[in-house]
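We will go stop by stop.

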Amino acid sequence: MYLEIGQAHYRVAVNSKMWKIKKITIAAISIVLVLLALGMAYYGYNLNQIEEQVFDVPWGLDVVGYTYFALIATGSSIVNSMYTIFGYSGPNGEYKRIIKYGAWFSLSTIFSAWLLVLFSLAKPFDFTYIFLFFRISSRIAWMAALYSFFAIMLVIEVLYMILVESWALLKRIKYLELAIAILVLIATVAVHSNLGEVFGSLISMPAWYGSWLTIYFIMSAIMLGAAGQSLFIYVVKRKDNDIKSFMSRYFSEVYLIIIPIYLMYLTWIIISAWYSRETVWPVYQALLFGSDAIVFWAIEILLGIFVPLALSVYGYIKKSSWAAISAAVFLLIGGFMSKYSLIVLPQELRPYVWVTLQISNYTYFPSTGLILMFIGAAVLWPSLYALGTLIFPLEEDEKAKHLWIFR
Amino acid sequence: MKVSNQQNPYQGFGNTEKCKNWGMVIKVDQCFGCDACVAACTLENQTPFWEELWRTHVEDMEVGSYPESQRMFVPRLCMQCENPPCYYVCPTGATQIVEGGIVVVDEYKCIGCQYCVEACPFGARYMYTSEDIEKAKEYYGENTINVVPHVDKCTFCYTTAPDGTNTPACVRACVGGARVFGCLDNPNSEVSMLFNTDQAVQINPELGVGAKVRYVFGNRSSTLQSGGEQ
């Protein structure tokens with residue numbers, strides 16, 4: 001009997017040691033990948049400076065990538081607000097068990113967006129001029145300010161979620177958690193509104209012009225944020241059947257609500273374009289029937305909307321994890337392509353009246369530097385998230401053991 | 001013959017406050033597409049011609065359909081708008097409106113986000129990259145006027161013209177006299193007289209930017225003057 005107890009203790013000790021080694025290995029790989037991603041993005045930036053420039057499309061893959069990651073980060077925050085503001089915690093409090101992972105997901109995703117937007121500048125290290133010589137009428141200046149505010153609020157939210165487990169004092173401050181969550185949501189909506197106006201206020205680009213982009217971005221953000229979050233949290237919680245079951249149902253529900261609204265809005269945008277100025281319709285014509293039609297119908301609509309919709313129905317009814325995860329993957333792919341079309345296509349065609357109606361016919365392909373920058377940001381995204389899940393106490397009721405915030 | 005400042009319609013152009021509104025009128029009929037203005041501007045402002053990027057260029061246009069089609073050469077440049085969209089979108093204040101109502105770019109303040117390039121409804125801006133600066137040294141020598149990467153545009157030769165000539169390089173070089181430049185506030189100047197006639201039209205007036213470069217299409221179709229299709 002003593003021998004059996006001894007063997008059990010030995011097995012626990014070995015398992016614990018193995019788990020520690022595994023964690024250290026993952027952390028080391030994550031750190032290496034983070035550094036690799038930063039290096040790759042910086043190399044891409046430098047390469048982009050000496051490569052042949054694509055002058056016809058000043059905002060290319062870098063701005064598409066920035067918008068994409070910004071939407072995922074902010075959309076994830078909107079999804080989190082279901083718990084942090086509206087108090088929905090799932091049938092058995094499952095949401096409470098993943099909310100810290102959700103908040104960290106939003107925060108870690110911002111860095112990929114920042115990396116891209118920083119290196120999209122010709123002089124990235126002069127970005128401080130935006131704050132030093134802030135021009136109040138500039139949407140990009142406001143983007144920098146609001147995005148910083150959003151990031152600061154997210155840092156506060158994540159810190160609060162971690163510190164509240166150890167510091168009883170924080171729990172005693174009434175409504176602090178709610179106040180932080182409301183500020184995060186306000187920042188999120190403000191970022192979206194401004195992002196929409198970055199494009200929508202340009203009279204030079206009729207295909208972007210208008211306030212409709214803000215609503216479009218908010219809906220896209222919810223779709224992408226929910227998809228990204230579910231995918232990343234699933235990887236961490238893949239062995240927890242309760243959470244998997246909850247996530248399948250919850251995220252399928254989110255998709256089932258938002259996808260039809262998005263589809264309806266998209267249809268309205270296209271119908272509006274049909275009745276709009278002669279400088280708007282050519283862009284949508286190319287999207288629907290022209291050069292980009294295959295991408296639009298096959299990837300953005302079929303793969304990015306109808307397949308996830310069908311998978312969500314299945315995932316919701318059967319509580320199927322693989323269906324919800326597949327829906328998330330397709331939503332992320334379709335969402336990326338739709339942002340690519342939205343940003344690049346109007347620049348490729350750039351229909352405008354200059355003495356007569358002129359439509360350019362430029363085919364954009366990103367430079368190697370831009371592709372490397374995007375890959376860098378894409379690698380940074382999961383690496384930073386993985387690193388955070390290993391060093392921060394993100395489990396329910398988990399207390400920090402080192403330096404107040406670390407495991 | 002030396003022209004005194006009193007008689008010179010371009011007096012005080014450059015870094016002075018003598019005129020609040022400099023402007024230009026382009027007589028399309030008198031442009032025959034020799035591109036002398038483009039060459040002069042390229043040399044004066046060291047623009048990256050190897051990328052086919054210009055502060056001004058001449059568009060060779062064919063409008064209408066046979067047998068009523070017309071060919072015309074339309075010089076293009078920054079419209080020096082009164083309400084320039086590029087000014088309002090610049091996040092760092094690099095785009096400025098200096099005395100004389102001229103829109104310029106402070107290349108040191110410009111961070112190269114290219115928001116102004118997107119915002120300009122006339123496609124008058126482009127990015128002067130670090131690669132272009134290196135290339136410029138090969139073509140124009142070591143003392144290039146463009147030192148750091150920035151967005152570049154026509155400034156009516158604001159920074160280069162006050163060398164005594166007082167006129168933008170394109171105006172000086174124009175063989176047909178198609179470009180008329182001067183102070184819009186002076187009612188006796190040729191540019192002012194042309195500018196204030198019905199003949200001088202703005203491109204896309206519905207944008208409300210208040211362009212200070214106008215076009216006289218002369219015998220061309222009146223529908224073209226409003227920027228519409230023939």
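**Stop 1: a loop in chain B**

Select B:Gln114, which counts as buried at 13% relative accessibility. Here buried means under 20% relative accessible area, exposed over 50%, and partly exposed in between, with a 1.4 Å probe and protein chains only. B:Gln114 lies in the loop between strand E5 (102–105) and H3 of chain B. Its phi is near 65°, a positive value in a residue other than glycine. Helices (H or I, at least four residues) and strands (E, at least two) are DSSP runs, numbered from the N terminus.

Before moving on, note that this is a predicted model: local features need pLDDT of at least 70, side-chain atom pairs count only at pLDDT 80 or more, and totals for chains, interfaces and linings use all residues. Residues are numbered from 1 along each chain as its sequence is written, chains are lettered from A and ligands numbered from 1 in the order in which they are written, and side-chain values use heavy atoms, leaving out hydrogens and water.

Now select B:Glu52. It too has a positive phi, about 60°, and is not a glycine. B:Glu52 sits in the loop between helix H1 (36–45) and E2 of chain B. Is B:Glu52 buried or exposed? It is exposed, with a relative accessible area of 61%.

**Stop 2: where chain B meets chain A**

Show both chains. The contact (heavy atoms within 4.5 Å) takes 52 residues from chain B and 42 residues from chain A. Together the two chains bury about 3600 Å², 59% of it on carbon and sulfur atoms. Buried area is the accessible area (1.4 Å probe) that two parts lose on being put together, summed over both.

Highlight B:Ile111, B:Tyr115 and B:Glu118. They supply 22% of the area that chain B buries against chain A, more than any other three residues.

The rule asks for a side-chain nitrogen of Lys or Arg within 4 Å of a carboxyl oxygen of Asp or Glu. Across this interface it finds 1 salt bridge.

Next, colour chain B by element. On the side that touches chain A, the elements giving two or more residues are strand E2 (57–63), strand E3 (70–76), helix H2 (85–89), helix H3 (115–119) and helix H4 (130–140) of chain B. By class, that side has 32 nonpolar, 10 polar and 10 charged residues. Ala, Val, Leu, Ile, Met, Phe, Trp, Tyr, Cys and Pro count as nonpolar, Asp, Glu, Lys and Arg as charged, and the others, Gly among them, as polar.

**Stop 3: helix H11 of chain A**

Select residues 293–318 of chain A. This is helix H11, with a kink of about 40° centred on A:Leu302. The bend at a residue is the angle between axes fitted to the seven residues ending there and the seven starting there. Buried residues of H11(A) include A:Phe296, A:Glu300, A:Ile301 and A:Pro308. What covers the buried residues includes helix H9 (241–274), helix H10 (281–288) and helix H12 (321–349) of chain A. Just after H11(A), A:Lys319 takes a positive phi of about 55°.

**Stop 4**

Go to A:Trp104 in helix H3 (residues 94–119) of chain A. A:Trp104 is buried, with a relative accessible area of 7%. Among the residues that A:Trp104 touches are A:Val158, A:Leu384, A:Tyr385 and A:Phe392.

Finish at A:Ser30 in helix H1 (residues 2–50) of chain A. A:Ser30 counts as buried at 4% relative accessibility. Leaving out residues up to four places away in sequence, A:Ser30 touches A:Ser383, A:Ala386 and A:Leu387.
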